[in-house]
Amino acid sequence: MENNQYELEFENQRLEQTLSLAKSQLSEARKGNEENKSAIISAKKELRESTSHSISGLWSSEGFEALAALSQYVNPVMNKIADYESTENKILLLEQLIKSPYFARIDFKFDGEDVFEKIYIGRSSLMKEDSYEMFVYDWRSPIASVFYRFVMGPAFYEAPNGKITGEVNLKRQYEITQGVLEYFFDADVQIVDEFLRKLLSQNTSPRMKTIVETIQREQDIVIRDMESELMMVQGVAGSGKTSIALHRAAYLMYQGLSPGLSANNIVIISPNALFEQYISNVLPELGEAHVVSMVFEEILVKILENEHLQTRNQFLEHLITSSQDREIIKSSIEFKTSHQFLEIINRFIEELPYKWIVFDDVYYQGECIISKEILKDKILSGREKTPLGLKLKQLEDFVLELIREAHNNRINKSEEAIIKKEIQKFTELNAHNLYRKLLSDKNYFYSLAKELELPDCINDILIFTQENLYTDLLYYDDAAVIAYLTLKLNGTNEYKNIKQVVIDEAQDYYPLHYEIFHLLFPNAKYTILGDINQTLEKQEDLSLYEQISKILNKKKSSLITMDKSFRCTNEILIYGSKFIKQSLEIKSFNRKGDVPKIYAAGGQIALDDRIVLEVKSCLEKGYQSIGLICKSEKNTRSLFARLKGRMDIKLITNESTAALQGVFIIPVYMSKGLEFDAVLICDTDTQNYKSEDDKKLLYIACTRALHRLNLFCEGEVSPLLY
């Protein structure tokens, strides 16, 4: 680089100025919060002393003035606490900024001006407060998009007041660690790729990291899209889908946007608790508060008020290890989550007040207050959009009010309770019981299914489901149907504040699940990420996204395809890709590595010896996360029992939320979305891997590996591997 020494001196001086400003602001913020703390203590003391004498009478009719007086003491305390929390957040951001204040610079000349302005870009902004001079721009600011989307030459960005055009004549990237400039380079495409290749060649971390330094142009387009109410991303394994979604959430929370979303306006639907833990650091590292993250089963538990639900992981384990019931389990969930079954359920709901609710005359003191015909008519003639369950609740209130009016409010509480209990015999709906009734009356079921296409094995599905519904455990597929039925009957306002929903592993859900999301989050916009090649128990194609779009019914939806994998080496990606039908091309970032090898052992002892040797080799290479992947939890438990005395190893099960560091054994269905330095697939024999579904399991397992992949089995190697 020309003028290298001059540039180095300039950059070190600029870094020193930035750190000096940040340290000065940090010192002021800390001092300010000490004063805030004292003010809160003082205000709380004044609140206690000034109001303790009148607290007891606050809720009497005479206590209103005392309540008003109390608010004048409470409000200052609440304001001080809000100031304290805001400053505390600023302190955390400044502490992070001092370690590494920025990672990039662009020199940008606005059209109509003569001078190129130096724009430094970091994870958060830093401004000189007296002059409003920006020392560092937040990576989410409009002008920062120029860094992600353009090389040298003409460029533009979208600002709140319209398109800003100009020219870039420098793009520079920095490595700053603990406030020290390690190196910098001026970026063209080739050098940026080399920098990214260097980053990707490092070991993975126990939790997902931010990617602000290496966001690609197509990723930035997804992150900053403000037009789409439904943003869908079909991304191949390792394309950074989840990371992009989390950065998009951080972008939507950015206060430079109008209006920025707060943490309680966003919800992330994660595939399981382990994955939830894995991604938990990303938003805090980007300077944003923890966003609510939920697993789908947690939503079902909340709707159904039932803890005894089969989780998706338990469902998959049952499916994978069950030789007899496998086909009926697959057929059952496929049918019960389909559009056809949804239509049957909707027809059933429509018929409930006609056929399934036994209205009765209501009496009080021997007098008929209202007849069953009038009650039924009131339900049938009510507002169509009001859920039936709410109409029935309103009916309870209506009847009680009639009795009060007829007897001049002389009805007492115990009499009211007795009448209410009688009314509730036909106003209380139990979705679980109704669902049982629907499936136990075959003739009625078939009458509802008229003109709908049913699977050939429908009789087997009905028998299988009836048996399951009379066990202590509510099965995963039935739980979803009953949750839908509950929501349709009763409605919900539980999530009315949610404005953005992020759904990961979109291909794991069925039409019914998206109907549930639509009922739960009717006012929200969606970011949905999936990979049609990573389904476990079904086949999917790109029509999945058309179905989602149709169900969620948003005005503007987009589908972005990401076909480049950044995770695996070229050799691992080529090997893993042979297990899927590539309707979508998968491009490699072209990082070199070893070709995966297959090791077949003559017996269990020889297999274990071979696995131990491979783990030892991986540890010697300095790999920090080594995943031993098996087809099922059953297989992982068996392997763990044999190896735990020979090495330091962890078993990852359905309940695990452990950090993925060191050596661990994990079922393939729990490894989705995760990545490890080295992967050993430990049970690749003919018994475990033989079907089309098994091919997809192998694809998922292979594409977890960053640097090294080898496959092991006892006895005969699965023919799918060749």
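Mentor: Start at Val233, which stands opposite Leu529 in strand 14. This is a predicted model: local features need pLDDT of at least 70, side-chain atom pairs count only at pLDDT 80 or more, and totals for chains, interfaces and linings use all residues. Residues are numbered from 1 along each chain as its sequence is written, and side-chain values use heavy atoms, with hydrogens and water left out.

Trainee: How many bridges join strand 8 to strand 14?

Mentor: Five, and strand 8 (residues 230–235) runs parallel to strand 14. Strands are DSSP runs of E, at least two residues, and helices are runs of H or I, at least four, numbered from the N terminus. Two strands pair if DSSP finds at least two bridges between them.

Trainee: Which residue stands opposite Ile528 in strand 14?

Mentor: Ile503. Strand 13 (residues 500–503) pairs with strand 14 in the parallel sense, over four bridges. The chain gets from strand 13 to strand 14 through helix 20 (residues 511–520), a right-handed β-α-β crossover. Right-handed here means that, with the strands pointing away from the viewer, the path from the first strand over the helix to the second runs clockwise.

Trainee: Is strand 14 mostly covered or mostly open?

Mentor: Mostly covered. Five of the six residues in strand 14 (residues 525–530) are buried, meaning under 20% relative accessible area with a 1.4 Å probe, protein chains only.

Trainee: What's the strand order in the open sheet?

Mentor: 10-9-13-14-8-15, six strands with parallel pairing. Strand 10 (292–295) and strand 15 (557–562) are the edges, each pairing on one side only. The twist averages 15 degrees from one strand to the next.

Trainee: And strand 8 with strand 15, how many bridges there?

Mentor: Six, in the parallel sense. Gly235 stands opposite Met562 in strand 15. Helix 5 (residues 217–224) packs on the sheet and touches strand 8 and strand 15; its direction makes about 155 degrees with that of strand 15. Contact means heavy atoms within 4.5 Å. Angles run from 0 to 180 degrees between N-to-C directions, with axes fitted to C-alpha atoms, for helices over the stretch in contact.

Trainee: Which strands does helix 6 lie across?

Mentor: Strand 8, strand 9 (266–270), strand 13, strand 14 and strand 15. Helix 6 (residues 241–253) runs at about 165 degrees to strand 14.

Trainee: Switching topic. Which residues of strand 1 point one way, and which the other?

Mentor: Ala104, Ile106, Phe108 and Phe110 go one way, and Arg105, Asp107 and Lys109 the other. All are buried. In a regular strand the side chains alternate between the two faces of the sheet.

Trainee: What does strand 1 pair with?

Mentor: Strand 1 (residues 104–110) has seven antiparallel bridges to strand 6 (residues 162–177). Lys109 has Glu167 as its bridge partner there. Five bridges join strand 1 to strand 2 (residues 117–122), also antiparallel, and Ile106 stands opposite Ile119. That hairpin has six residues between the strands, and Gly112 takes a positive phi near 95 degrees.

Trainee: Last one. At what angle do helix 16 and helix 19 pack?

Mentor: About 115 degrees, with the axes of helix 16 (residues 431–440) and helix 19 (residues 476–490) 9 Å apart. Helix 16 brings Ala431, His432, Leu434 and Tyr435 to the contact. Helix 19 brings Asp478, Val481, Ile482, Leu485, Thr486 and Leu489.

Notes: Buried < 20%, exposed > 50% of the residue type's maximum accessible area, 1.4 Å probe, protein only.
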